[in-house]
Every structure is written in structure tokens, then in C-alpha cells.
Amino acid sequence: MHSVQLETGPIEINYSNGINVLDRKLCVAPMMDWTDRHCRYLHRLFAPHALLYTEMIVAAAIVRGNAARLLEHDPSEHPVALQLGGCDPEELARAARVGEAAGFAEINLNVGCPSDRVKSGSFGACLMQRPSLVAECVRRMRDAVQVPVTVKCRIGIDERDDYEFFSAFVEQQAAAGVDALIVHARAAILGGLTRPGLSPKENREIPPLKYDYVHRLKRERAALPIVINGGLVDPSAIRAHLRDGLDGVMLGRAAYHGPALLAELERAVVNPGWRIPEPWEIIERMVPYARRQAERGVRLHSVARHMHGLMAGREGARAWRRFLSEVASRPEAAPEVLFSALPILSQGLAA
């Protein structure tokens, strides 16, 4: 048990991780409003060795708010990394210490999110314009914790999407001692006086993917662990990135909407003996988990809302999604109601 001093007073959090060397071959991206603790519990059932990430949590909220509530997670989620948002080196260092004490296996700094609310806080993708500040944040966090400190970034911002800009940004982070780099291989278009910005959704789809930047960076910096992110859907293409020398792949919405993809990749790139679980097997694991959450006042909907992709690509997928929307989302729904959907799951298995 570790005690950490915050502005709101000391808190004690269990440090139960003990993971010093991380396998980054398969990662699930931090996604706002999606990769909460219930989502991560589900993803762990599909991929025992994937490195999971929290949603971005603002460093100030950890330092000045209810850190125990914000950082609470199930031990079975490990290995799981904490993604922080912020631009104050001291505040980030303090939040990193709390995250390490809470048992997270890695502290990651968000330098890629393009949303307006993140931009207004002077962090996220706009920080790519201030590489020296990002480097100072990395240095302070590395001095504060023993777990790896990493950065998730884009290849550029607005008009600066040339390789020279990207390489110069990475140069400063490498000099600061960053332990790994996760690169969304698109520029972020935030806009300015002469160019309109794109929405977060548009920033995930419109700027062209430049995977070659990431591969070139790895060739030039062989010792720096580099994980590629952005537009990764096809299993064979994903495996090709690893064969070509990258240290890992990070999946986002493709894994969320079809979590069986995680199991397929777990078997392909991490654990050849892994058997892809059937939907009914996942239900059998999720119901006891949902029961435990219900005892703490968590509604079934908060857990089940992440399960819409359970039948993706199978017969009965539409009926399953309708069941979750119409039955499992009711305020009074008990976890056991998920068992009533087993005929739908059996339909998909038979198909």
C-alpha cells in the first residue's frame, strides 16, 4: 500500500502491478468515453496479453480530484497503461506518481487528441507545436516514476506534416528519455486563421495515412520502441507492420466494434495456442463481473454498452444489438438478463 500526497490530502492506493517489461506487439488505443474499466475488462477476455490503455485522464483531475475513483480498475485488466492529458510538467509528474502507485504499468502522455476541449486546455495534438515542452514533461515524469513513460502523438499538425517536422519532434522526446512512442500515422488538422479545423471524427479519417513515416523513423531509431496506430483493420496488413520491424500495433475502433479481432491477433502475433472465445463464453465471464459491479451500484447498461460488437460479422448481430438496446439498457435490468440472449448467440454459432 502506497500513500500519495495530493492537494485534497493523502490517499492510499494498492500497488499491485509489478510489470516492468511490457510486450507492446498488440495494444488497444485509449478512446474517450469508450475504454473505461468495463470495456477493458471485456477486451482482456479476448486478448490476455494485449496492452490496454485507459481513457485520457486530465492530470489536474488526478492531482486535485478524487484520484482513487478516477484510477480504480480491476486487477484482471493488467497490463494496463494510464494515459494522461496535460501540459504542466510538475502536475504531470505528480499525476504519474499517483498512477504508478495505483498499479498502472505505463504512463502515457497524450500529444495526439485533436478535440476542441483538449485544445482549449493547451494539450493534446496542439502540443506538437511545442516539442521542448513535451520533452520537459517527459523528463519530469521519468524522474518521478520507475514504470515506462511514453508519448502518443501524430506525425504532424496542420501544414506541418512533413517528415522533417515529425523527426525533429521525436528527436527531442528521445533526448528526454521517452521509453516508447505510439504514432497515429496522420497529421492533426486543428485549423487556424487561414485554414478551418477538422472535427475529431474527420481527423481520424480525412488526413492521409503516412505509414512510411513511422517505418522510416524505426529504421533511423532502431533502439526506440515504436508502435503504429491509425486505420488498422486488416489482420494481414497488421501483421505486416510487425514483420517490417515495428515493435507493436495499436488498434482503436476496429477492436471496439469487433473485439474478436483482438483474439485473432492475440493468436497470430502473441500466443499461437490461444483459442478465440465464443460469444457465449464471454457472456459467462461478463455476468459475474456485472454482478460485482451491481453490488457497487453500477447499472448493467454501463457494462453491457461495450458489448455491442460481440456478434460482429455473425448471424444474429442485429438481434443482439437490439437486445442490448431494448432489454439490457433498462434501469432495472439485472446481469442475469444477458443469459436470456443465449439463443441469439447460439444462432450465430450455428451459422
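**Strands, a helix and an aromatic cluster**

The model described here is a predicted one.

One partner is strand β3, formed by residues 26–28, which pairs with β11 in the parallel sense over three bridges. Within this pairing, V28 of the chain stands opposite L251 in β11. Another partner is strand β10, residues 226–229, which also runs parallel to β11 and is joined to it by three bridges. Two of the residue pairs between these strands can be located in the structure: N229 has M250 in β11 as its bridge partner, while I228 has V249 in β11 as its bridge partner.

Four residues of α10 are buried, namely P235, I238, H241 and L242. When one looks down the axis of α10, these buried residues fall within an arc of 115 degrees, so they line one face of the helix. The elements against which the buried residues of α10 pack are the strands β10 and β11, together with helix α9 (211–220) and helix α12 (260–270). After α10 comes G245, a residue with a positive phi, near 110 degrees.

The next region to consider is helix α7, which spans residues 163–175 and contains Q173. Is Q173 buried or exposed? Q173 is buried, with a relative accessible area of 0%. Since residues count as buried under 20%, this value places Q173 in the buried class. The side chain of Q173 reaches the backbone oxygen of F169 at a distance of 3.1 Å. If neighbours within four places in sequence are left aside, Q173 is in contact with P131, V134, A135, V138 and V178.

A pair of aromatic rings is described by the distance of the centres and the angle of the planes. The structure holds six aromatic pairs. One of them is formed by Y163 and F166 and is edge-to-face, with 6.1 Å from centre to centre and 75 degrees between the planes. These two residues are three residues apart in helix α7, and being so placed they are separated by about one helical turn. Both Y163 and F166 are buried. F166 also pairs with Y213: the ring centres are 6.4 Å apart and the planes stand at 20 degrees, so this pair is stacked. The pair of F166 and Y213 links distant parts of the chain, because F166 belongs to helix α7 and Y213 to helix α9, 47 residues apart. Y213 is buried, as is F166. Taken together, Y163, F166 and Y213 form one aromatic cluster.

P335 is found in the loop between helix α15 (317–328) and helix α16 (342–350). Although P335 sits in a loop, P335 is buried, with a relative accessible area of 8%. Which residues is P335 in contact with, leaving aside its neighbours within four places in sequence? They are V287, A290, R291, A294 and L300. As for D143, P335 lies 192 residues away in sequence and 44 Å away in space, from C-alpha to C-alpha.

Methods
Residues numbered from 1 in each chain as written. Predicted model: local features only at pLDDT ≥ 70, side-chain atom pairs only at ≥ 80, totals over all residues. Heavy atoms only, no water. Pairing = 2+ DSSP bridges. Buried < 20%, exposed > 50% of the residue type's maximum accessible area, 1.4 Å probe, protein only. Arc of directions from axis to C-beta. Contact = heavy atoms within 4.5 Å. Polar contact = N/O pair within 3.5 Å; in protein donor to acceptor, adjacent residues only side chain to side chain. Phe/Tyr/Trp six-rings, centres within 6.5 Å; stacked < 30°, edge-to-face > 60°.
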